[in-house]
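Welcome, and please open the model in your viewer. We will go from one selection to the next and look at what is there.

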Amino acid sequence: LGLSSFYLGDFATAEQCFKEVSQKIPLNEVFNNLGAAQSKLHRAEAAENIRRAIEGDGTDPVYHFNFGLVLWKQGQFEQAANHFRMTLQRDPEDQEAKTMLEKAVQKQPASNIAASPKQSGPERLKSNFDESAYRQLKAALKATK
């Protein structure tokens, strides 16, 4: 439901859906998607949720791209550029990351973005969730208690 709502432009519903899932199944993919929906809504929590995804898997270019986008929107151009560079290290052919890196290096403000959340940026979602890994970890932690 969260993915569908996001793609339909209903970011508030997407945020709520991803928030509910993150409380029950705290996967990196869910935190990324929650942060992406919050980014579309210009919510401050977007950075923290995407940061949680990066902490769980610092090799995923989607997480770095989204974090760079949030930082760029906040005017943190140098930090944003670093995350777009990390995206490009992992996927050198990513044209959108190249464009965003250029904007960050040029310190092009996000205020040039249209006011509509649908136009506010190219946030990326994860559609595959590795719930089995989470459940295995949860069972292992429970067994050690």
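Helices here are DSSP runs of at least four residues, numbered from the N terminus. Keep in mind that you are looking at a predicted model.

**First stop: Leu88.** Select residues 77–90 to bring up helix H6, where Leu88 lies. Is Leu88 buried or exposed? With a relative accessible area of 14%, Leu88 is buried, because the cut-off for that is under 20%. Now show what surrounds this side chain: setting aside neighbours within four places in sequence, Leu88 is in contact with Asp94, Ala97, Lys98 and Leu101.

**Second stop: helix H2.** Select residues 11–24. Next, colour Phe11, Ala14, Glu15, Cys17, Phe18 and Ser22, which are buried. Look down the axis of H2: the buried residues fall within an arc of 170°, so they line one face of the helix. On the face turned away from that buried side, find the exposed residues Gln23 and Lys24. What covers the buried residues of H2? The cover includes helices H1 (2–7), H3 (28–40) and H4 (45–56).

**Last stop: helix H4.** H4 has 12 residues and reaches 17 Å from its first C-alpha to its last, close to the expected 16 Å. Highlight its buried residues: Ala46, Ala47, Asn49, Ile50, Ala53 and Ile54. They pack against H3, H5 (61–73) and H6.

Notes. Residues numbered from 1 in each chain as written. Predicted model: local features only at pLDDT ≥ 70, side-chain atom pairs only at ≥ 80, totals over all residues. Heavy atoms only, no water. Helix = DSSP H or I, 4+ residues; strand = E, 2+ residues; numbered from the N terminus. Buried < 20%, exposed > 50% of the residue type's maximum accessible area, 1.4 Å probe, protein only. Contact = heavy atoms within 4.5 Å. Expected span 1.5 Å × (residues − 1). Arc of directions from axis to C-beta.
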